[in-house]
Amino acid sequence: MGGWVVVAILIIVVAVLASCVKIVPQAHAYVVERLGAYQGTWSVGLHFKTPFLDKVAKKVNLKEQVVDFAPQPVITKDNVTMRIDTVVFFQITDPKLFAYGVENPIMAIENLTATTLRNIIGEMELDQTLTSREVINTKMRASLDIATDPWGIKVNRVELKNIIPPAAIQDAMEKQMKAERERREAILRAEGEKKSTVLVAEGKKESAILEAEAEKQSAILRAEAQKEKMIREAEGEAEAILKVQQATADGIRMIREAGADQSVLTIKSLEAFEKAADGKATKIIIPSEIQGVAGLAASLKEIVANDAKR
């Protein structure tokens, strides 16, 4: 019987000693009280407490925490009631103040967030509220950070998760957005038609310029062709005259070689000038050495004509 009592006592002693050994994990802190009074704050590591005198009053999580609060009704400066829900990111910086500063820190932060949000939104109109999220977030974070500092809490940032205006306001906003989209569409369509008209006009202008340029080039080519034709005709006529003169000269040379006198040669020369003129020349220059023979031939022709009349 005595042995069992000793074993029981040893078991109780071991259990008490084991309960006095505490290991604080990373990113945590323990607030320790002795006889109901604050004794100290244990950080990360191994710690021992006095049996029956010390106790861990509160285990504090030092990591950043996120709290999503339900939507809160707020009224804007222009008397529009809307609902806004917020998300608060906070971190405990002083475990002692957190343990003894406020009874329920999360509820206190929620109520403080709601009242701060109402104060800020009450100074803003609806349109400004919808477009000033960053301004509201900054003001709320600054206010909450100052208010929660005595509780050992640091508010890192505050975000407006949703802004829910009344159904009538939402319907009016949707209609306004639709009208704005239709207006932009009409402007874009008009600009497109304007650009199309300008492009068509520029295309016609470019086409007219190209046609005029082509006509000009065609006229130049026709003029050059006509010029080439006239040159070639003139060259052909000159070549024909040259050949006639050459043939006449060859004939005269042959007559001379055959023993003809000077009078025959002169008459042949006159015939050559007649053929050279071909009825087209308006002026013919006759060499002086054959002018006398020409006059003699004319006189003989006149005498023959008078004898015929008799």
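T86 touches V67, D68, F69, T113, L117, M140, E159, L160 and K161 when residues up to four places away in sequence are not counted, a contact being a pair of heavy atoms within 4.5 Å. T86 is found in strand β8; strands (E, at least two residues) and helices (H or I, at least four) are DSSP runs numbered from the N terminus. At 3% relative accessibility, T86 counts as buried. Buried means under 20% relative accessible area, exposed means over 50%, and partly exposed lies in between, with a 1.4 Å probe and protein chains only.

The model is predicted: local features need pLDDT of at least 70, side-chain atom pairs count only at pLDDT 80 or more, and totals for chains, interfaces and linings use all residues. Residues are numbered from 1 along each chain as its sequence is written, and side-chain values use heavy atoms, with hydrogens and water left out.

One of the partners of T86 is L117. Leaving aside neighbours within four places in sequence, L117 is in contact with V74, I84, T86, I136, M140 and L160. L117 is also among the residues with the most contacts inside the largest nonpolar core, together with I84, V88, I109, I136, M140 and L160. This core has 29 residues; a nonpolar core is a set of buried Ala, Val, Leu, Ile, Met, Phe, Trp, Tyr and Cys residues joined through side-chain atoms within 4.5 Å. The elements that give two or more residues to the core are β8 (81–92), α3 (105–121), α5 (133–148) and β9 (153–164). Helix α3 gives the most, with six residues. In soluble globular proteins, nonpolar side chains tend to be buried together.

T129 lies in helix α4 (residues 126–131). Beyond its neighbours within four places in sequence, T129 is in contact with T76, M82, I121, M124, I136 and I163.

The chain as a whole can now be described. It has eight helices and nine strands, and buried residues make up 21% of its 310 residues. Among contacts between residues at least 6 apart in sequence, 61% join residues at least 24 apart. The accessible surface comes to about 21900 Å², of which 58% belongs to carbon and sulfur atoms; such areas come from the Shrake-Rupley method with a 1.4 Å probe, and for residues only the protein chains shown count as cover.

On that surface, V5, I9, V13 and L17 make a nonpolar patch of about 340 Å². Patches are made of residues with over 30% relative accessible area and no salt bridge, like charges being joined within 9 Å and nonpolar side chains (Val, Leu, Ile, Met, Phe, Trp, Tyr) within 5 Å. I9 lies in helix α1 (residues 2–19) and is partly exposed, with a relative accessible area of 48%.

Which residues form an aromatic pair that is edge-to-face? They are Y38 and Y100, whose rings are 6.0 Å apart centre to centre, with 85° between the planes. Rings of Phe, Tyr and Trp (its six-membered ring) pair if their centres lie within 6.5 Å; planes under 30 degrees apart count as stacked, over 60 as edge-to-face and the rest as tilted. Y38 lies in strand β3 (residues 37–42) and Y100 in helix α2 (residues 95–101), so the pair ties together parts that are 62 residues apart in sequence. Y38 is partly exposed at 33% relative accessibility, and Y100 is partly exposed at 41%.

Charged side chains complete the picture. A search of the whole structure finds 10 salt bridges, each a side-chain nitrogen of Lys or Arg within 4 Å of a carboxyl oxygen of Asp or Glu. In helix α6 (residues 167–257), R189 and E185 lie four residues apart, about one turn of the helix. Their side chains meet in a salt bridge (3.1 Å, N to O); R189 is partly exposed at 45% relative accessibility, and E185 is partly exposed with a relative accessible area of 45%. D145 and K154 form another salt bridge (3.8 Å, N to O), in which K154 is partly exposed at 36% relative accessibility. R222 forms a salt bridge with E215, the closest N and O atoms being 3.6 Å apart. R222 is partly exposed, with a relative accessible area of 48%, as is E215, with 47%. Salt bridges that share partners also join R141, D145 and K154 into one network.
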